[in-house]
Amino acid sequence: MLKPILAGLCVVTASVFLWTACSYAPTTAKAAVKAEKDRKVAPEFTLKDANGQTVHLVDYKGKVVLLDFWATWCAPCKVEIPWFMEFEQTFKDKGFSVLGVSMDEDGWSAVKPYIQDLKVNYRIVLGNDQVGSLYGGVDSLPTTFLIDRQGKIASVHIGLSRGKEDFKNDIINLLDAPRAGARVPSRGALAFFTRAND
Amino acid sequence: MFLLAALSPSLRAQTTNVLTVAPSEHVTIKRGASADVKLKLELRPGFHVNSDKPTDDYLIPLKLTWSKDPLQAEQVTYPKPQMEKYDFSLTPLSVFSGNFEIVTHFKAPSSASPGPVMMNGKLRYQACNNKECLAPKNLDVAIAVDIQ
């Protein structure tokens, strides 16, 4: 009678131990980003933000950039915006920025009330077909590019992602990657830091 | 009538990557009289368009508009929308999907010249599937009308 109970306890204890060990292990972001050798340079563009300031993509070189093509009429885009706001907040001091490119035909009259309504905390610029073409047409929204510190496209997400973890893992992976010409940091340090702050 | 059809490609089915508007039936209308004309639409499976009265102000409604002459479009009637829930929406959205029809009530002015004419219109729509949305489009539509 005692043996099955003891065996059961052992299984439960082992499971708890394994779960605990895994929970505190440094996160290894899944390899959703392309290998560095396969990345292409993100096309340069010059667009205006909501304050009329000129924004050049090249200004962001050295940072990991989440470039989100979206529109006010795109309901799936609305799901992702709070995720991106969270990423901006969490990673902005670690060399990360979100840049939203609105593809609204009606311009700022449509976009400004929307971003004020959602209290968007990252920079929004007004896109156009020319910029869309540079990025392969951007036929459907949302389309989101993750750009590495060298200004190269590391991953592309088309359509609503399965969850914010898809992006988060890629961002951590890119932030954690050694900078060009820099000493190699301890592996997984940022991933561990982020996990610990979840 | 043949000449009219040959000159106007819009009498053929109008197709975009997700929406097809079937060629309209031949319409005969007497001067001073009215007629209902159906526009038959078909959406690619998996896609929907917002209805004429979307549930969110930011969504782009389906809208059919007609030129002011030679007929007068007195009323455009959309079908009853479906309320559908998608992965990206917390609440059901008012949409059209599959096959549906929009009916326009036309009136021929008493002063209209008899003979074959074209009525030109524009269909504005914005389509999405469960994960992504396509840019809003304006599709040219036309119907051949014989005014008697």
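Predicted model: local features only at pLDDT ≥ 70, side-chain atom pairs only at ≥ 80, totals over all residues.
Two residues are in contact if their C-beta atoms, placed from the backbone, lie within 7 Å. Residues are numbered from 1 along each chain as its sequence is written, while chains are lettered from A and ligands numbered from 1 in the order in which they are written.

Start with Thr28(B). Leaving out residues up to four places away in sequence, Thr28(B) touches Asp146(B) and Gln148(B). Gln148(B) is 120 residues from Thr28(B) in sequence, yet the C-alpha to C-alpha distance is 7.2 Å. Is Thr28(B) buried or partly exposed? Thr28(B) is partly exposed, because 14 other C-beta atoms lie within 10 Å. The cut-offs are 20 or more such atoms for buried, 12 or fewer for exposed, and partly exposed in between.

Thr28(B) sits in strand β3 of chain B, residues 27-29. Helices (H or I, at least four residues) and strands (E, at least two) are DSSP runs, numbered from the N terminus. Strand β3 belongs to an open four-stranded sheet of chain B, ordered β3-β14-β11-β6, with mixed pairing. Each of β3 and β6 (63-66) in chain B has a single partner strand, so one side of each lacks a neighbour in the sheet. On average, neighbouring strands of this sheet are turned by 35 degrees against each other, direction ignored. Axes here are lines fitted to C-alpha atoms, for helices over the stretch in contact, and angles run from 0 to 180 degrees between N-to-C directions.

Strands pair if DSSP finds at least two bridges between them. β6(B) and β11(B), residues 115-125, run antiparallel and are joined by four bridges. Leu64(B) has Leu123(B) as its bridge partner in β11(B).

Now chain A. It has six helices and nine strands. Of its 198 residues, 33% count as buried. The largest nonpolar core has 73 residues, and Phe87(A) is among those that touch the most other members. Such a core is a set of buried Ala, Val, Leu, Ile, Met, Phe, Trp, Tyr and Cys residues joined through C-beta atoms within 7 Å. Beyond four places in sequence, the contacts of Phe87(A) include Leu66(A), Phe96(A) and Ile171(A).

Finally, the two chains meet. Chain B and chain A each give 14 residues to the contact. Strand β7 of chain A (residues 140-141) pairs with β13 of chain B (residues 133-134), antiparallel, over two bridges. Ser140(A) has Leu134(B) as its bridge partner.
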